[in-house]
Amino acid sequence: MIELKYLKVPDGIQNLLAITNEIKFSMVSEPLVGSLLRTLATSKPSGQFLELGTGTGVSTAWILSGMDLQSSLLTIDNDQAVVAIAKAHLKGDSRVTFKVSDAGDCINQLNQDGKQFDLIFADTWAGKYTHFEQTMQLLKPGGFYVIDDMLPQPNWLEGHELKVAALIGELAQRRELSVTKMHWASGVVVATKHYGSSSAELRN
């Protein structure tokens with residue numbers, strides 16, 4: 001199967017990628033991951049979506065391309081410069097809300113506000129390697145938790161593979177989740193929370 005041959009790329013992605021390359025921003029999700037995000041978003045009509053790590057908005061655009069008109073996306077990043085690029089290209093879409101802030105602080109606040117989401121794409125440190133428990137609490141039953149870059153990447157710091165292994169191990173032990181680990185694209189893990197999961201299960 002030639003995975004990229006018939007891939008339909010959302011409008012504006014090429015312009016975003018050109019600017020992303022121009023500023024040498026390397027932390028961008030690849031097209032296959034974007035396509036998966038679009039497919040998962042399409043399965044959640046009137047969905048509420050959370051992206052942790054906006055970057056220049058490439059994965060944001062992929063998620064938006066799968067959402068219906070009644071859905072909403074909150075995307076968070078602490079880098080004003082890259083979020084400005086995303087806003088400039090996607091500001092016409094009223095379904096997306098950009099927040100420039102520390103993702104960990106936002107995760108805590110969202111929990112305090114009782115928010116939950118149908119899909120969480122955790123593409124930054126918080127939500128993956130920190131604030132993991134709090135992020136799981138934000139996931140609705142039946143919701144998708146998606147992470148990528150689980151296969152070795154050129155920008156990994158020394159010892160990062162240990163953090164990746166620990167995270168995958170933690171996901172595998174969670175009784176309230178069904179987890180699929182894929183040796184595909186940059187290394188993708190998709191987890192779905194079981195219906196009827198209790199707060200006690202979240203801790204065990």
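**From the sheet to the pocket**

Strands E2 and E3 run parallel and are joined by five bridges. The model is a predicted one. To get from E2 to E3 the chain passes through helix H4, residues 80–90, and the three elements make a right-handed β-α-β unit.

In general, the strands of a sheet pair through backbone hydrogen bonds, in either a parallel or an antiparallel way. Here, E2 and E3 belong to an open sheet of seven strands with mixed pairing, in the order E3-E2-E1-E4-E5-E7-E6. Its edge strands are E3 (96–100) and E6 (177–182), each of which pairs on one side only. On average, and with direction ignored, neighbouring strands of this sheet are turned by 15° against each other.

The order can be followed from E2 to the next strand, E1. E1 and E2 are parallel and share five bridges. Leu50 has Leu74 in E2 as its bridge partner. Leu50 also has a bridge partner in E4, namely Ile120. E1 and E4 pair in the parallel sense, over four bridges. Of the five residues of E1 (residues 48–52), four are buried, and the strand is mostly covered.

H3 is itself mostly covered, with eight of its nine residues buried. These buried residues are Val58, Ser59, Thr60, Ala61, Trp62, Ile63, Leu64 and Gly66.

On from E4 in the strand order comes E5. E4 (residues 117–122) and E5 pair in the parallel sense over four bridges, and Phe117 stands opposite Leu139 in E5. Between these two strands the chain crosses through helix H6 (residues 132–137), and this β-α-β crossover is right-handed.

How many of the nine residues of E5 are buried? Seven of the nine residues in this strand (residues 139–147) are buried, so E5 is largely enclosed by the rest of the structure. A residue is called buried here if its relative accessible area is under 20%.

The pairing of E5 with E7 (residues 188–193) is antiparallel, and four bridges join the two strands. Two examples show which residues face each other. Phe144 has Thr192 in E7 as its bridge partner, and Val146 stands opposite Val190 in E7. In a regular strand, side chains alternate between the two faces of the sheet.

The next topic is the empty space in the model. Rolling a probe the size of a water molecule over the atoms shows where empty space is left. The largest pocket holds about 910 Å³ of space. It is lined by 43 residues, and the closest to its centre are Met27, Asp123, Thr124, Asp149 and Asn155. Helix H3 (58–66), strand E2 (72–77), helix H5 (103–112) and helix H7 (160–173) are the elements that give two or more residues to this lining. What kinds of residues make up the lining of the largest pocket? They divide into 15 nonpolar, 18 polar and ten charged residues.

Some single residues complete the tour. Ala84 is found in helix H4. With a relative accessibility of 36%, Ala84 counts as partly exposed, because that class covers values between the 20% limit for buried and the 50% limit for exposed. Ala84 and Val100 are 16 residues apart in sequence, and the distance between their C-alpha atoms is 9.5 Å.

Two residues other than glycine have a positive phi. One of them is Lys24, with phi near 60°; the other is His131, with phi near 55°. Lys24 lies in the loop between helix H1 (13–22) and helix H2 (31–42), while His131 is in the loop between E4 and H6. Is Lys24 buried or exposed? Its relative accessible area is 72%, so Lys24 is exposed. For His131 the relative accessible area is 25%, so this residue is partly exposed.

Terms used: Residues are numbered from 1 along each chain as its sequence is written. This is a predicted model: local features need pLDDT of at least 70, side-chain atom pairs count only at pLDDT 80 or more; totals for chains, interfaces and linings use all residues. Side-chain values use heavy atoms; hydrogens and water are left out. Buried means under 20% relative accessible area, exposed over 50%, partly exposed in between (1.4 Å probe, protein chains only). Two strands pair if DSSP finds at least two bridges between them. A crossover is right-handed if, with the strands pointing away from the viewer, the path from the first strand over the helix to the second runs clockwise. On a 1 Å grid over the protein atoms alone, a cavity is a set of points where a 1.4 Å probe fits but cannot get out, and a pocket is an open set with protein on both sides within 12 Å along at least five of seven lines; lining residues have an atom within 4 Å of a point. Grid points are joined across faces, edges and corners, and a volume is the space filled by probe spheres set on the points. Ala, Val, Leu, Ile, Met, Phe, Trp, Tyr, Cys and Pro count as nonpolar, Asp, Glu, Lys and Arg as charged, and the others, Gly among them, as polar. Axes are lines fitted to C-alpha atoms, for helices over the stretch in contact, and angles run from 0 to 180 degrees between N-to-C directions.
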